[in-house]
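I opened this notebook page to record what I looked up in one structure. The sequence and model are placed below for reference.

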Amino acid sequence: MISASPSDHGPVFDVVLESATRLCDGALGSLLMVEGDTLNLVASQGMSEELVELLRSEPMRLDREGSLNARAVLNRQVNQPTPDPARR
């Protein structure tokens, strides 16, 4: 796959995400790439077209007050979301 797409990384990202989603027994997944001060969606698995379009049109900013994904990148560690008791 990699040698078949030397200039187009999209198919490679798709295969990596598909494998990771299957390995984690997940229903959906996303692969984000750091570009400058944003996280950009480069592959998705099992997400609605509307969500994919939203994530592609509004990349996440890298700031410590932002998303769990942004904080994980900046802190170089996994962040566990805190459950919201109101959502139970």
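The entries below go from the whole chain to single residues.

**Entry 1: basis.** I note that this is a predicted model, in which local features need pLDDT of at least 70 and side-chain atom pairs count only at pLDDT 80 or more, while totals for chains, interfaces and linings use all residues. Residues are numbered from 1 along each chain as its sequence is written, and side-chain values use heavy atoms, with hydrogens and water left out.

**Entry 2: whole chain.** I looked up the elements and found 3 helices and 3 strands. Helices (H or I, at least four residues) and strands (E, at least two) are DSSP runs, numbered from the N terminus. Their order from the N terminus is α-β-β-α-β-α. Along the principal axes, the C-alpha atoms fill a box of roughly 45 × 30 × 25 Å. Of the 88 residues in the chain, 18% are buried; buried means under 20% relative accessible area, exposed over 50%, and partly exposed in between (1.4 Å probe, protein chains only). The accessible surface is about 6700 Å², and carbon and sulfur atoms account for 53% of it. That area comes from the Shrake-Rupley method with a 1.4 Å probe.

I then looked up contacts, meaning heavy atoms within 4.5 Å. Among contacts between residues at least 6 apart in sequence, 22% join residues at least 24 apart.

**Entry 3: charges.** I recorded 8 positive and 13 negative side chains, with the centres of the two sets 9 Å apart. Lys and Arg count as positive and Asp and Glu as negative; His and the chain ends are not counted. The place of a charge is NZ of Lys, CZ of Arg, CG of Asp or CD of Glu.

**Entry 4: helix 1.** I looked up T21, which lies in helix 1 (residues 10-23). T21 is buried at 7% relative accessible area. Beyond its neighbours within four places in sequence, T21 contacts G26, L28, G29 and Q45.

How many salt bridges does the structure hold? I found 2 salt bridges, each a side-chain nitrogen of Lys or Arg within 4 Å of a carboxyl oxygen of Asp or Glu. One of them joins E18 and R22, with the closest N and O atoms 3.6 Å apart. E18 and R22 are about one helical turn apart, because 4 residues separate them in helix 1. E18 is partly exposed at 40%, whereas R22 is exposed at 54% relative accessibility.

Entry 5: I traced an open sheet of 3 strands in the order 1-2-3, with antiparallel pairing. Strand 1 and strand 3 are the edge strands, each pairing on one side only. Two strands pair if DSSP finds at least two bridges between them, and strands 2 and 3 pair over 2 bridges. T38 stands opposite R61 of strand 3.

The side chains of D37 and R61 also form a salt bridge, at 2.8 Å from N to O. This pair links distant parts of the chain, 24 residues apart: D37 is in the loop between strand 1 (29-35) and strand 2 (38-45), and R61 is in strand 3 (residues 60-61). D37 is partly exposed, at 38% relative accessible area.

**Entry 6: positive phi.** Most residues other than glycine have a negative phi. I noted D25, a residue other than glycine, with a positive phi near 55°. D25 sits in the loop between helix 1 and strand 1 and is exposed at 71%. R76 likewise has a positive phi near 55°. R76 is in the segment after helix 3 (68-75) and is exposed at 78% relative accessibility.
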